[in-house]
Amino acid sequence: MSSSCPCGTGKSIDQCCGLYLSGQTYPNNAEALMRSRYSAYVTGNIPYLKKTWHPDTCPELTSDDLHTSWLRLDVIRSKKGLKKSVVEFKAWFDDGDSERALHEISLFKLHKKRWVYVGPLDQ
């Protein structure tokens, strides 16, 4: 039996984000993409992060960028659009002394018929 998916759906990783991270399929909405990107950070999947980031905003990523100890993901809200979507979330991590959260309202856009992460919106 496979482990629980890091994204917090309660499904096994093989029945959830693992399908996306392995390239078997691609998320069909922004929330699924955001959840799979969180799982990619947890598992250190840099190729997936690059593939799902808008080319105009994607930074250079190396394994040095992925040392955060992620604990859990809370999706606060998701607003679906036809060409743009917004997902607000808190990604909890261990900073060595306590739990802290990255709180972000993220913009996603359709790019070449696929959802991609653009970046954070001003809160």
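How many residues does the hairpin use to join S1 to S2? Four residues make that link. Keep in mind as you look around that this is a predicted model.

## The sheet

Let's start with the strands. There are four of them in an open sheet, in the order S1-S2-S3-S4, and the pairing is antiparallel. At the edges sit strand S1 (69–79) and strand S4 (114–120), each of which pairs on one side only. Going from one strand to the next, the twist averages 35 degrees. As background, strands of a sheet pair through backbone hydrogen bonds, either parallel or antiparallel.

Now zoom in on the hairpin pair. S1 and strand S2 (residues 84–94) run antiparallel to each other, with nine bridges between them. If you want a couple of landmarks, find Trp70, which stands opposite Phe93 in S2, and then Arg72, whose bridge partner in S2 is Trp92.

## The helix on the sheet

Helix H2 (residues 30–43) packs on this sheet and touches S1, S2, strand S3 (99–111) and S4. Compare the direction of H2 with that of S1 and you get an angle of about 170 degrees.

Is Arg35 buried or exposed? Arg35 counts as buried, because its relative accessibility is 16% and the cut-off for buried is under 20%. Setting aside neighbours within four places in sequence, Arg35 is in contact with Cys7, Gly8, Thr9, Cys17, Leu73 and Val75. Leu73 and Val75, two of those contacts, fall within the range of S1 (69–79).

## The largest pocket

Next up is the largest pocket, which holds about 270 Å³ of space. Its lining has 15 residues, and those closest to the pocket centre are Arg37, Tyr41, Phe89, Leu102 and Glu104.

Which elements supply at least two residues each to that lining? H2, S2 and S3 do, and these three also figure in the packing described above, where H2 touches both S2 and S3.

Technical notes:
Residues are numbered from 1 along each chain as its sequence is written. This is a predicted model: local features need pLDDT of at least 70, side-chain atom pairs count only at pLDDT 80 or more; totals for chains, interfaces and linings use all residues. Side-chain values use heavy atoms; hydrogens and water are left out. Two strands pair if DSSP finds at least two bridges between them. Axes are lines fitted to C-alpha atoms, for helices over the stretch in contact, and angles run from 0 to 180 degrees between N-to-C directions. Contact means heavy atoms within 4.5 Å. Buried means under 20% relative accessible area, exposed over 50%, partly exposed in between (1.4 Å probe, protein chains only). On a 1 Å grid over the protein atoms alone, a cavity is a set of points where a 1.4 Å probe fits but cannot get out, and a pocket is an open set with protein on both sides within 12 Å along at least five of seven lines; lining residues have an atom within 4 Å of a point. Grid points are joined across faces, edges and corners, and a volume is the space filled by probe spheres set on the points.
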